[in-house]
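This briefing walks through one protein chain, topic by topic. Please keep the sequence and the structure beside you while you read.

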Amino acid sequence: MIEAAAASAQAPVVGLIMGSSSDWDVMRHAAAVFDEFGIAHETRVVSAHRMPLDMVEYGAQAVTRGLRAIVAGAGGAAHLPGMMAALTPVPVFGVPVPSRYLRGEDSLLSIVQMPRGVPVGTFAIGESGAANAALHVIANLAMTDADLLQRLQAYRARQTQAARAMVVPPEVS
């Protein structure tokens, strides 16, 4: 498995996995949100199709390693999020990565069509989906972490302030 550095020296609480290194252009937006909030995470390529035994091992060890969430990005057939959800009780947040021919609609449909009993929280295609998946993980973690909840509320207040400061038509610099 390919592994990038964790957000801090702490053990990761979030796994950020993707089917290919080419998915990084989208998934880096989730990593940036985790970095902004100081959430210890790991990034790995765990291909459902090219390294299925590694995928099974990752899912089987997620709980004992202390992961509290997994954000899984995949394009095309996009089996990684669903297979990961089948392998672990750790909540899985799926991010459809745009594909070359179908713009990620194939990925979205693959991730969202999970059978009853194997849930995957599915987000929008691309960068916004990756960032929102990370923010959703943070919101869940914040329910048992008062400091994180305060930082999330401050983040949302900054978003509100920025929206209120918008002018129409937008000023051009």
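This is a predicted model: local features need pLDDT of at least 70, side-chain atom pairs count only at pLDDT 80 or more; totals for chains, interfaces and linings use all residues.

- Ser47 is found in the loop that runs between the strand β3 (41-45) and the helix α2 (52-61).
- Ser47 counts as buried because its relative accessibility is 4%, and the cut-off for that word is under 20%.
- A polar atom of the Ser47 side chain lies 3.3 Å from the backbone nitrogen of His49, and the side chain of Ser47 also reaches the backbone nitrogen of Arg50, at 2.9 Å.
- When neighbours within four places in sequence are left aside, Ser47 is in contact with Met18, Gly19, Pro52 and Met55.

**The nonpolar cores**

- As a general background, nonpolar side chains in soluble globular proteins tend to be buried together.
- The largest nonpolar core has 31 residues, and the members that touch the most other members are Phe34, Phe37 and Val71.
- At least two residues of this core come from each of β2 (14-18), α1 (24-37), β4 (69-75), β5 (92-97), α5 (127-142) and α6 (146-164), and α5 gives the most, with nine residues.

**The largest pocket**

- Empty space can be found by rolling a probe the size of a water molecule over the atoms.
- The largest pocket holds about 200 Å³ of space, and its lining consists of 15 residues, of which Gly19, Ser20, Asp23, Arg50 and Gly75 lie nearest the centre.
- By residue class, the lining of the largest pocket divides into eight polar, five nonpolar and two charged residues.

**Backbone features to look for**

- In general, most residues other than glycine have a negative phi, and most peptide bonds are trans.
- Ala78 has a positive phi of about 50° although it is not a glycine, and this residue lies in the loop between β4 and α3 (80-87).
- Ala78 counts as buried because its relative accessibility is 3%.
- Arg103, which is not a glycine either, has a positive phi of about 60°, and its place is in the loop between β5 and α4.
- Arg103 counts as exposed because its relative accessibility is 57%, where the word exposed requires over 50%.
- The peptide bond that leads from Val168 to Pro169 is cis, with an omega near -5°, and Pro169 belongs to the segment after α6.

**The loop that holds Pro119**

- Pro119 is located in the loop between the helix α4 (105-112) and the strand β6 (121-122).
- Pro119 counts as exposed because its relative accessibility is 64%.
- Pro119 and Ala62 are 57 residues apart along the chain, and a distance of 16 Å separates their C-alpha atoms.

Key: Residues are numbered from 1 along each chain as its sequence is written. Side-chain values use heavy atoms; hydrogens and water are left out. A nonpolar core is a set of buried Ala, Val, Leu, Ile, Met, Phe, Trp, Tyr and Cys residues joined through side-chain atoms within 4.5 Å. Buried means under 20% relative accessible area, exposed over 50%, partly exposed in between (1.4 Å probe, protein chains only). Helices (H or I, at least four residues) and strands (E, at least two) are DSSP runs, numbered from the N terminus. On a 1 Å grid over the protein atoms alone, a cavity is a set of points where a 1.4 Å probe fits but cannot get out, and a pocket is an open set with protein on both sides within 12 Å along at least five of seven lines; lining residues have an atom within 4 Å of a point. Grid points are joined across faces, edges and corners, and a volume is the space filled by probe spheres set on the points. Ala, Val, Leu, Ile, Met, Phe, Trp, Tyr, Cys and Pro count as nonpolar, Asp, Glu, Lys and Arg as charged, and the others, Gly among them, as polar. A polar contact is a pair of N or O atoms within 3.5 Å; within protein, one must be able to donate a hydrogen and the other to accept it, and residues adjacent in sequence count only if both atoms are side-chain atoms. Contact means heavy atoms within 4.5 Å.
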